[in-house]
Amino acid sequence: MKIAVLGAGAMGSLVGAHLKKGGQQVFFVDPYEAHMKAVQEKGITMDLEGREEETVRIDAAVTKGWEVGCCDLVILLVKGMNTERIILENPELFGDHTVVISLQNGIGNADTLARIFPRDHIGYGVLKSSATLTEPGKIKGRVKFPYSSKGVWFSPLEKNTRYAYVFHELEKALNQGGFPAALSEETEKILWDKLYINVLYNAPCALLQLAGEDFMREEDGKKLLKELAGEVCRVANAKGIPMDEKEYWEKECENISQVPKGEHHFTSMVLDVFYERPTEVEFLNGAVCREGKKLGISTPYNEAVYYLMKVRQKTYSLIYGKQ
């Protein structure tokens, strides 16, 4: 297949490199010119947990879709708030039979795609892996979290899509390339499982510029996170996705207790706020609020965090000391 990774930052590079290793024709499309230039000239170098450093040559790494042309599959890994704009800026990637799969963070990305493409052409998934861009052309990360059996789960939006063969080929290519993947009917559940963590440690930690474990170790912080967590579980349960509130919370408390004192893991949203960039809060706490309203589930704690973050990212220039 001819595959474009639209949004080939750290995570896009991780996925794309393994697709290339799995025998596919892979193109990176990303506006970060220095990164694209480095990948085009030298390949993408990966320093992955438990593996020797490896460099993979991609078919091309460019800043504009017209340099690639129409693809069989486009994998979206831009931030959710940029989805529609990025697609409209790169129309040449999409043809009458192009399949588009979102592996973006949060809830609601497939809904955005459905406003642009036929539902039969759309897929969605969730990554249980991580990567950081250490410098242009180089990433550091892991293909799956220690507690996870796979690095990615994905599904077609329409179960009986005529493009099922694309999803099967994607699963095969990722696994052959060394990226544990599953074409699964459990994707929605896994998506909410990851949303649980993102709701806890993205916006609250970004507002206070703290690492998640440091936020959780403060008793007042822990109380807030427990309320946020409970709302996620109650909304998920109302949607028919089983999430035991007590079980999830106890597991997360246990996970945090195992993080050594002195280690600080900052989420991407912490960095977004630090560098005064837009955030994905619409697809995290905002998504919990919207889904809750549809189902008659109250989400006051997520609403408070959501509104605070909306104000925060609209007033970067007004922060004390800048005037």
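**View 1. Strand β1 sits mostly under cover.** In this predicted model, β1 spans residues 2-6, and five of its five residues are buried (under 20% relative accessible area with a 1.4 Å probe, protein chains only; over 50% would be exposed, in between partly exposed). Strands here are DSSP E runs of at least two residues, helices H or I runs of at least four, numbered from the N terminus. Lys2, Ala4 and Leu6 point one way, Ile3 and Val5 the other. In a regular strand, side chains alternate between the two faces of the sheet.

**View 2. β1 pairs with β2 and with β6.** Pairing takes at least two DSSP bridges between two strands. With β2 (residues 25-29), β1 runs parallel over five bridges, and Leu6 stands opposite Val29. With β6 (residues 73-76), the parallel pairing has four bridges; there, Ala4 is partnered by Val74.

**View 3. Here's the largest nonpolar core.** A core is a set of buried Ala, Val, Leu, Ile, Met, Phe, Trp, Tyr and Cys residues joined through side-chain atoms within 4.5 Å. Of its 42 residues, Trp192, Tyr196, Leu200, Leu225 and Met243 touch the most other members. A second, separate core has 39 residues, including Ala8, Val56, Ile139 and Phe167.

**Notes.** Numbering starts from 1 along each chain as its sequence is written, and side-chain values use heavy atoms, leaving out hydrogens and water. Local features need pLDDT of at least 70 and side-chain atom pairs count only at pLDDT 80 or more, while totals for chains, interfaces and linings use all residues.
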